[in-house]
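Please look at the sequence and the structure shown here, and then follow the questions below.

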Amino acid sequence: MTTPRLLLLAHGSRDPRHAATMDALAGRLRALRPGLDARVGYLDHCAPRIPRALEQLAEEGQAPVVAVPMLLARAYHAKTDIPGVLREAAARLPRLTVQQADVLGPSPLLWRALERRLAEAGVRPSADTGIVLASAGSSDASANAAVRATAAAWQRAAGWGGVAVAHASAAPPSVAEAAAALRAQGLRHLAVAPYLLAPGLLPDRIAAQAATAGIPAVAAPIGASPDLAELLLQRYAEALTIRPAALAVGA
């Protein structure tokens, strides 16, 4: 049986560090799973765009494709943009079968990736430490609620003194407001964990807000971590398990 190919559906950014991170992640996946064709397509800013990536896959063979959204929650891109792009591609490329996998979050593997980045910044779980989990933020209230649920579950699992969500855009609270909430709980040791996949505008904004709020410890974004690579392979396997016989766009 031909091994299904894996296409990471990334947002894209004008910041070259974003594409470099996605390329590194695809490379890590290929190293972990020899023989797996793993590559990246972008919604915007970077090449190849998702339609062109699918065209290339169609030109190269008939093996099915599992498309994994590089998204941490189910917001507009996961619910509308990506299914629309995949449906349009299916109409143009009828011989190519594509299964849309689930978004990345929630998953304990993401907590592990966050803890890895915090440890690199010198911060480890403890009852006297508060974490600002700084996400992109969304106009979709359910996506913001999912991040808050992730924060609460991670706090319980890791033993942090508190985990408060902040948003870099779209909706309050800010990093400073989240930090104030943690300090109001009596927590004086604070750190910021960007709940973002790659460097770029929003992580830079979060770091600037952390400095203004007097928080010196700021972790790097999740990046091409082994935990994220493991999660991607998990989402890939889940997509194939759900419909192993008949892949379908938007399933």
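This is a predicted model, in which local features need pLDDT of at least 70, side-chain atom pairs count only at pLDDT 80 or more, and totals for chains, interfaces and linings use all residues. Residues are numbered from 1 along each chain as its sequence is written, and side-chain values use heavy atoms, with hydrogens and water left out.

Q: In what order do the 3 strands of the open sheet lie?
A: Strands here are DSSP runs (E, at least two residues; helices are H or I, at least four), numbered from the N terminus, and two of them pair if DSSP finds at least two bridges between them. The edge strands, each pairing on one side only, are strand 6 (162-167) and strand 7. The pairing is parallel, and the order is 6-5-7.

Q: How many bridges join strand 5 to strand 7?
A: Val-132 stands opposite Val-192 in strand 7, while Leu-133 has Ala-193 of strand 7 as its bridge partner. Strand 5 (residues 129-135) and strand 7 run parallel, and the number of bridges joining them is 7.

Q: How many of the 7 residues of strand 7 are buried?
A: Buried means under 20% relative accessible area, exposed over 50%, and partly exposed in between, with a 1.4 Å probe and protein chains only. Strand 7 (residues 189-195) is mostly covered, and its count of buried residues is 6.
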